[in-house]
Structure formats: structure tokens, C-alpha cells
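This report walks through one protein chain, from its overall make-up down to single residues. Keep the sequence and the structure in view while reading.

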Amino acid sequence: KLSEEVEKVRRELEEALDQLTVEENAATDIKVRMDVIKSTQATDGTKTKDIDAEIEKYEQLGEKLREDAERCEKNVSGYKEQIAKHDAVLVKAQETAETLGGQKDELTEGLHADKLERDTMVQRADVLQRMIDHFEGYAESVKFVMREFQQGRIHGAGKIYGPLSSLIDVDKKYITAVETALGASLQNIVVDTEDTAKAAIYALKRENAGRATFYPISAMRSATETDEIHAARNMRGFVGRADTLVGSDKQFRAIIEYLLLRTVVFDNIENASAAAKALRYRVKLVTLDGQVINAGGSFTGGSAKRDSGILSRATEIASLREKAGVLSEKIGKDEAKLAEITEILHRTSEEAKEAEQQKELLLTVSRSQFQELDAANANLGANNSILERLRADRDNLLGSSTRAKEELLSLTEDYKAAEERI
């Protein structure tokens, strides 16, 4: 029995020794790990101090670089402001050039068209005037009398005023009616006295130049208005007594009334026909488009045939010259406006050139300042990047140190527990 107990104790002792060995090995491992962590902490602490030193150095450098950048920015700010002002001038000049340039093109094109139209009107009026001056469209006998009179070759003649057509004014809307009413009388020549008429007739006969009719002012007497003409005033379509539709100098009124006082103008053939019938065909009626109902009842009509446009020439000339005058006035205003726009464009162009030159000068003068600013900003940016990396590294080390401390504390407790068990 004693030997059995001894054997039992021996086994228990061996087991205890084995357990002790295990505990001692575990304690040794913990101790080694603790020593490694402490060594690492010492190394990391040194690194952290080095990083903190680097951070402090770069922070101080960053402050200096920031001051340099602010100084450079301040130096170039004045240049930037002046350059911006010149840029604003250039932008405004471009906008003005685009806006006024379009207006100038439109005005130029419009002026060209207006001048062409005006010149065409003036040329047409001049052609018509020459036709009047040279009695184009008149009978050869009329041309002869007027030419001879102007050259002083009609002996004993007083005053020859000219063909009737050249001495009257008629509104455009009444020209056809008046031309129709007067007919060949338009070419009859108005003179001052019977003696002048005779002298002209002698000249025609002497030169075998044809025949002409003359209206001596001294001999012509006005016609009187009849009851029928008075009654026509109240009829449908009545326009006016023909003589009242013709303008002339006072000295020619008797001739006008002699020829036209007993002719009445109506608006159209239907109303004229009804009026003629009511007046028992005792009055000559003419319509605005040149149809005629003669006293006595005969009708003359169809397409209106004017006497070669003789009467309408003066009216057309006056109309053309009036329109040309209106165009000339418009042209004058447009030319003044064009000159104003051209001056503004020229002035704007000069201002733009000056601004461009000043801007280039400022850029040249300030180029070194801008380069220095760019360099300062680049250096500051690089310094800030380094600081960010250093701070990130420090934060990583601090995080590792915290975790190491926590692990070391846990290992210390484990080590104490192992020693107690040993």
C-alpha cells in the first residue's frame, strides 16, 4: 500500500510539474509579447515625436508661405482690377460694334435703295420737264409758234403764254375727266391780245407751218351757268362743274370757264346717264374715267385716250418731285444717323485699341508679379499636401499606440494571473 501511495504521489507530482511547465511557458510568451509591445511603443513614440517635429516645421513654413501668397495677391490685385476694367471696355466695344454694325449695314443698304429710287424719280421728272420745255407731244404748229416766240421772230406779238395745258393745274383724280372735256383745246395757245394772235397766225402762214387756235385773254368771255347745270348739283354721282376742278392764274379763269363751265363731271356712266336724261340732254357730262354724254344726247366712250399725257405731265412732275423731296429729307436724316453711327463706331474702335494696348502693357509689367503669385500658391499648396500626409501618419501612429496600450494592459493582467498560478 505504501508503494501505491508513493506511485500516486509521484504521478501527481509529475502532472504538477508538467502543468507548471505549461504555465511557465505561457508566462514566458506573455512576457515576450509585452516586451515586444513596449519596444514597439518606444519606437512609435520616437516616430511620433519626429512627425510632430516635422508637422511643426511645415506649419511654420506654411505660415510663411501663406504670408508670401497674401503679399503677392495684394501686389497683383491692383493689376487685376485695372485689367478687368480694360476687359469691360473691350466687351462693351464688341457689343457696340455688333449692334451698331448691323444698324450701319441696314442704313447703308436702305440709303442705296432710297437714293436709287429718288434719282429715278428725279430723272423721270427731268425727262417730263424737258418734254414740256420742248413741247413734246404737241402739234408741230404749236411747237413752231412757241419756238418762234421764244426766239423773238414773231413780229408785233405781245405775250404768248403757251398751250392751255401748260397753264392749268388739275388734281390727279380729275385729270382723265378734264383731258377728255378739253380734248384738242389743251393744245390751243393762250395769248394776251387779238393782235398777238394775228401776229402768230401771220407767222404760221408765212412759214407754211400749219394751223393753230389762239385764246386772246382780252377777247375771251366766261360762259354762264344754266338752270340745268345748277340742277345737276343735286343729282346722284355729281362730282363738280368741270371748271371748278381746274386750277389756274386768275387771268386765265375766263378761258377756263368759257371752255368748261357748261361741262359737268360725274363719278360713273350710270349716274351720268341718269342725270343726262333728267336734264333732257341739255348739258355735256363727263365721267371720271373719261366717258362723255354730249349735249343733244350722243355718247362717246370706251377706253380713255389722253392727249399724249400732256396734261398729266405737270401733275406727274409735281408728284415725282414731292416724293423725291420726301425721300431726300429721309436720306438726309439717315445720312446724319449713319454719320453718327460711323463716328461712334470709330470712337469705340479707338477706345478698344487703347484698352487693348493698356491691357497688354499691364500684363507685361505685372507678369513677374503673377508668376511670383503662382509660385507662392504652388509652394503653399505643396506644403499643405505634406502637412496633410504627416498628420495622417501621426493619426495612424496614435491609433496604433492606443491599441498597443490596451493590448499591453490585457497582457499584464494575464501575466499576473499566470504568476499567481505558478
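## The chain as a whole

The model is predicted. The chain has 422 residues, of which 32% count as buried. It holds 8 helices and 10 strands.

Contacts can be sorted by how far apart the two residues lie in the sequence. Of the contacts in the chain with a separation of 6 or more, 74% are between residues 24 or more positions apart.

## A sheet of five strands

Five strands form an open sheet in the order S5-S7-S8-S9-S10, and the pairing is mixed. S5 and S10 (299-300) are the edge strands, each pairing on one side only. In general, strands of a sheet pair through backbone hydrogen bonds, either parallel or antiparallel.

Both senses can be seen at S7. S5 (residues 238-241) pairs with S7 in the antiparallel sense, over 3 bridges. Within this pairing, Phe238 has Phe266 as its bridge partner in S7, and Arg241 has Val264. S7 and S8 pair in the parallel sense over 4 bridges. Here Val264 has Leu285 in S8 as its bridge partner.

## The two sides of S7

Which residues of strand S7 point one way, and which the other way? Thr263 and Val265 point one way from S7 (residues 263-266), while Val264 and Phe266 point the other way. In a regular strand the side chains alternate between the two faces of the sheet. The four named residues of S7 are all buried.

Helix H3 (residues 175-182) is largely enclosed by the rest of the structure, because 7 of its 8 residues are buried. Among the buried residues of H3 are Ile175, Ala177, Val178 and Leu182, and also Glu179. Just after H3 comes Gly183, with a positive phi of about 55°.

Is Thr287 buried or exposed? Thr287 is buried, because its relative accessible area is 1%, under the 20% limit for that class. The residue lies in strand S8 (residues 284-287).

Leaving aside residues up to four places away in sequence, Thr287 touches Ala177, Phe266, Asp267, Asn268, Ile269 and Ala272. One of these, Ala177, is a buried residue of H3, and Phe266 is a buried residue of S7. The side chains of Thr287 and Asp289 are joined by a polar contact of 2.4 Å.

## Salt bridges

How many salt bridges does the chain have? The count comes to 20. One of them is between the side chains of Arg241 and Asp243, at 2.7 Å from N to O. Both partners are buried: Arg241 has a relative accessible area of 15%, and Asp243 has 1%. Salt bridges with shared partners join Glu225, Arg233, Arg241 and Asp243 into one network.

Another salt bridge is formed by Arg282 and Glu228, with the closest N and O atoms 3.2 Å apart. This pair links distant parts of the chain, 54 residues apart: Arg282 is in the loop between H7 (269-278) and S8, and Glu228 is in helix H5 (residues 227-232). Glu228 is buried, at 15% relative accessible area. Arg118 and Asp119 also meet in a salt bridge, at 3.3 Å from N to O. Asp119 counts as partly exposed, with 33% relative accessibility.

## Positive phi outside glycine

Asn208 is not a glycine, yet its phi is positive, at about 50°. Asn208 sits in the loop between helix H4 (194-206) and strand S4 (214-216). Because its relative accessible area is 71%, Asn208 is exposed.

Tyr281, which is also not a glycine, has a positive phi near 55°. Tyr281 is in the loop between H7 and S8. At 29% relative accessibility, Tyr281 counts as partly exposed.

Methods
Residues are numbered from 1 along each chain as its sequence is written. This is a predicted model: local features need pLDDT of at least 70, side-chain atom pairs count only at pLDDT 80 or more; totals for chains, interfaces and linings use all residues. Side-chain values use heavy atoms; hydrogens and water are left out. Buried means under 20% relative accessible area, exposed over 50%, partly exposed in between (1.4 Å probe, protein chains only). A polar contact is a pair of N or O atoms within 3.5 Å; within protein, one must be able to donate a hydrogen and the other to accept it, and residues adjacent in sequence count only if both atoms are side-chain atoms. Contact means heavy atoms within 4.5 Å. A salt bridge is a side-chain nitrogen of Lys or Arg within 4 Å of a carboxyl oxygen of Asp or Glu. Two strands pair if DSSP finds at least two bridges between them.
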